[in-house]
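Good morning, and thank you for coming. I would like to take you through one structure, from the overall picture to individual residues. Please look at the display as I speak.

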Amino acid sequence: MAKDIYEDFLRLTGFEEDEMPKYLPEWRKASAKLGLTEEDVKFAVKEQLPTYFAIELEGIRKLLGCFIKETIDLTRASEYKERGAKIVYGILPAILHFYYALKLTAPDKVFVSFPDIFLTFILNSFFHKLAPYLEEAERTGIPYGCRHCALNKTRYAARRLGVIPSPDINWIWGFICDEAPKTDEFINIYHDPEWKTYITRLPHDQPLGTVEDEVISRVEYLAAQMKDGFEFVQNEIGIKVSEEKINEVIVIWQRYAAKLAELAQLMAADPQPVGAVSVRLFWEGLFTPFNTGIEAMEEALDIAIKEIKQRVASKEGILPEGAPKLLIYSLHPTVPWVAKTFEENGVGIPLSEFFLLTKKQLMPPTFKDPYMAAAEGWLRTSGMVNPGYQSEQICEKLETHKFDGMVFGLMDFDRWLGSSHRLLARMVEEKTKLPVFYIEGDNWDDRDYSLEALRTRIESICEIMKMRKA
Amino acid sequence: MIFAGIDIGSAVTKAVLINQREEILAFSLLATSYDRQQSGAGVLKLALEKSRQSAERIEYIVSTGYGRRAFTSSDKVLPEIICHARGTKSLFPAVRTIIDIGGQDSKVIQLDEGGMVTRFEMNDKCAAGTGRFLEVLTERILNLPIEELGPISLKSKNPATLSSVCTVFAESEVLSLLSEHKPREDIAYGINRAIAKRVIAMGVGGQISFDEPVVFSGGVAKNVGVVKAIEEELDKKVITPKEPQITAALGAAIFAKEYAR
């Protein structure tokens, strides 16, 4: 082990020897900009990463490394801007094809990022140190408890603390909640007049159970909204993207998605081959654009699949064979101890529902027009706002991977999801007759958790599942 | 050969000793101290003394409750939801819903016909709707011993309404009612009704259907006023165990017997 903890950190996150001269100074600089101390880095090396991530696997180390490289890049966004690159931000959930298409068209002239995602994931999942950002936001205008999620607070605080520059355009999406667009208005009015935003929305106005991707007018509407948005963005930054580039991204996205489907199959194996937190970040490749590109993520994914395959073949697992397994709505490594508590109590939660793809989602798009294809792709997800359709999809996923039950919740930060989860829980339970649980909590931000109460909930669920399975 | 269940709650620690036939040999209660190991050991010693058994006869110990992990003498640790269900089912085999209100938490548990827990809800982060809520309002504000809150509330003819279930805000509401010379029995019933509404709303939020038989346990179940308020709010009969505080410890003891195999 090296004497330098920063170097140890990079080794632990899959950096190669020949990358050290370039990345070690950059990582030192980036971590200082993020507000991380040597003690924080030491905590990650000695405790957080070994506890929650299967760092014995090269694929997982490389995955972590991709996030570190991207975060280093994010802390250099101001430099890129000074050199004339156009800065384009977005928020989750969004259609990332357009961001990647910009990048493919003009790699050196544009910087794309969903900054809050990377900051939140890196700071809490690796260092458990998002709190200073959240507290900064709460201290200066987004009060505690006002239901703005950690992502919004982080985006605002990161700008306020000078971690990220103003974007040339922030293309945001009101697909699920209305909090994110409001946060951007807030940033613009109260803190940064240069914080320019374009919003693409999708109203939640479909009757319960509508199969939205099969309603042509719906697909056309969303496609038109996306096209308007993308044209606005292109005009703002002066970069013209061809439709071929978007189609090129769709092909890459589908290839990556197919590999994730294979990983999902492996994770659903009995016994569960690795802890859920270890692999979760691979799915971000489908929903968050990497300015450094998806290629390194794909390479890490290939390695991880190969390694996990070996574990599955040799029946090596983190839980005993036959252990109950639950599908969780969305597992976040930002509160990694949630998954760990399940696993320590003999129950697996190997996969997140939202990130699993249905058979239909894995099919090639029906439309050649890239906007129609992208719109259809999003509507195939049921968009988290159409519980009737979504519950059907959840049932398919439960059946495909032979889950013993499901866990909803940990979404209290979101007004919409916080309540729709209760509805979904009931619908899924009625349709499948499987046990379905709901856990109160916030899977971005664990400052407000009653640890003991949450542990009691999780342990109770585990005991119920073990009794049922027995 | 005997089996012990220890429930280390936030306010009271309980122990139950049972034999092979799951008959209760003795139970004991002790205020929980900051040292939960000591609380567990102390309450177990009391139960052993009451049953005239020696510690060597204990085959297996299961601990549960808020302080379950701190009691290092146990053979197994289980969450209290499961223990409540098992203990209550042993007393009332047909039970379908358990409402448990303890010192700092409240729970609603739904069971299927076989006694398996199908849903549960617990309060989180907040003492509203718990024994602590009653304690603060009764002893500090109404100046009544907590044991008298139930009986006095049954004399209410025109119950007061507390609009807030927040312990802090409810305090000032009760003070306002007192300054308006509202009768204490009406305020007392208002307090009991507030806690009943809170715990029922929590269960309804968790899609618990409050199927009968409904059993009400925990220290607050000793308050006849809360029992009445829950019955009125649910429009259902509520059963209260003779010793409502020991159901989780009893369940833990039954699990101890099963795990000892």
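This is a predicted model: local features need pLDDT of at least 70, side-chain atom pairs count only at pLDDT 80 or more; totals for chains, interfaces and linings use all residues.

Let me begin with burial in chain A: buried residues make up 52% of its 470 residues.

Chain A contains 21 helices and 7 strands. Its radius of gyration is 21 Å, close to the 23 Å that the globule rule gives for 470 residues, so chain A is as compact as a globular protein of that length. Along the principal axes, the C-alpha atoms of chain A fill a box of roughly 65 × 60 × 45 Å. As for the contacts in chain A with a separation of 6 or more, 79% of them are between residues 24 or more positions apart.

I turn now to one part of chain A, around strand β7, residues 436-439. Which way do its side chains point, and are they buried or exposed? A:Val436 and A:Tyr438 point one way from β7(A), while A:Phe437 and A:Ile439 point the other way. All of these residues are buried, and the cut-off for that word is 20 or more other C-beta atoms within 10 Å.

Strand β7(A) has a partner in strand β6 of chain A, residues 405-409. The two strands pair in the parallel sense, over 4 bridges. One pairing can be given by residue: A:Val407 has A:Phe437 in β7(A) as its bridge partner. Helix α20 of chain A, residues 415-432, belongs to this arrangement as well. Together, β6(A), α20 and β7(A) make a right-handed β-α-β unit.

The bond from A:Asp270 to A:Pro271 is cis, with omega near 0 degrees. A:Pro271 lies in the loop between α12, residues 243-267, and α13, residues 276-280, of chain A.

Next, the contact between the chains. How many residues does each chain bring to it? Chain B contributes 15 residues and chain A contributes 17 residues. On the side of chain B that touches chain A, the elements giving two or more residues are α2 (80-91) and β8 (117-122) of chain B. Of the elements there, β8(B) gives the most, with 4 residues. By class, the residues on that side of chain B divide into 9 nonpolar, 3 polar and 3 charged.

Chain B itself is divided into two parts: domain 1, covering 2-86 + 245-260, and domain 2, covering 95-240. Taken over C-alpha atoms, 26 Å separate the centres of domain 1 and domain 2 of chain B. The contact between them takes 10 residues from domain 1 of chain B and 16 residues from domain 2 of chain B. Which element gives the most to the domain 1 side of that contact? The answer is α2(B), with 4 residues. That side of domain 1 has 5 nonpolar residues, 5 polar residues and no charged residues.

B:Ser90 has 18 other C-beta atoms within 10 Å, so it counts as partly exposed. Leaving aside residues up to four places away in sequence, B:Ser90 touches B:Glu22, B:Leu250 and B:Ile254. The C-alpha atom of B:Ser90 is separated by 9.5 Å from that of B:Gly115, a residue 25 residues apart from it along the chain.

I finish with backbone geometry in the loops of chain B. Let us take the loop between α6 (184-205) and β9 (214-217) of chain B, where B:Pro213 has its place. B:Glu212 and B:Pro213 are joined by a cis peptide bond, with omega about 0 degrees. B:Phe210 is found in the loop between α6 and β9 of chain B too. Its phi is positive, about 55 degrees, although B:Phe210 is not a glycine. With 19 other C-beta atoms within 10 Å, B:Phe210 is partly exposed.

A positive phi also occurs at B:Arg52, where the value is near 55 degrees in a residue other than glycine. B:Arg52 lies in the loop between α1 (36-51) and β4 (58-64) of chain B. Is B:Arg52 buried or exposed? B:Arg52 has 8 C-beta neighbours inside 10 Å, and therefore counts as exposed.

Thank you for your attention.

Key
Residues are numbered from 1 along each chain as its sequence is written. Chains are lettered from A and ligands numbered from 1 in the order in which they are written. A residue is buried if 20 or more other C-beta atoms lie within 10 Å of its own, exposed if 12 or fewer, and partly exposed in between; C-beta atoms are placed from the backbone. Two strands pair if DSSP finds at least two bridges between them. A crossover is right-handed if, with the strands pointing away from the viewer, the path from the first strand over the helix to the second runs clockwise. The radius of gyration is taken over C-alpha atoms; the globule rule is 2.2 Å times the number of residues to the power 0.38. Two residues are in contact if their C-beta atoms, placed from the backbone, lie within 7 Å. Ala, Val, Leu, Ile, Met, Phe, Trp, Tyr, Cys and Pro count as nonpolar, Asp, Glu, Lys and Arg as charged, and the others, Gly among them, as polar. Domain bounds come from an automatic or database domain assignment.
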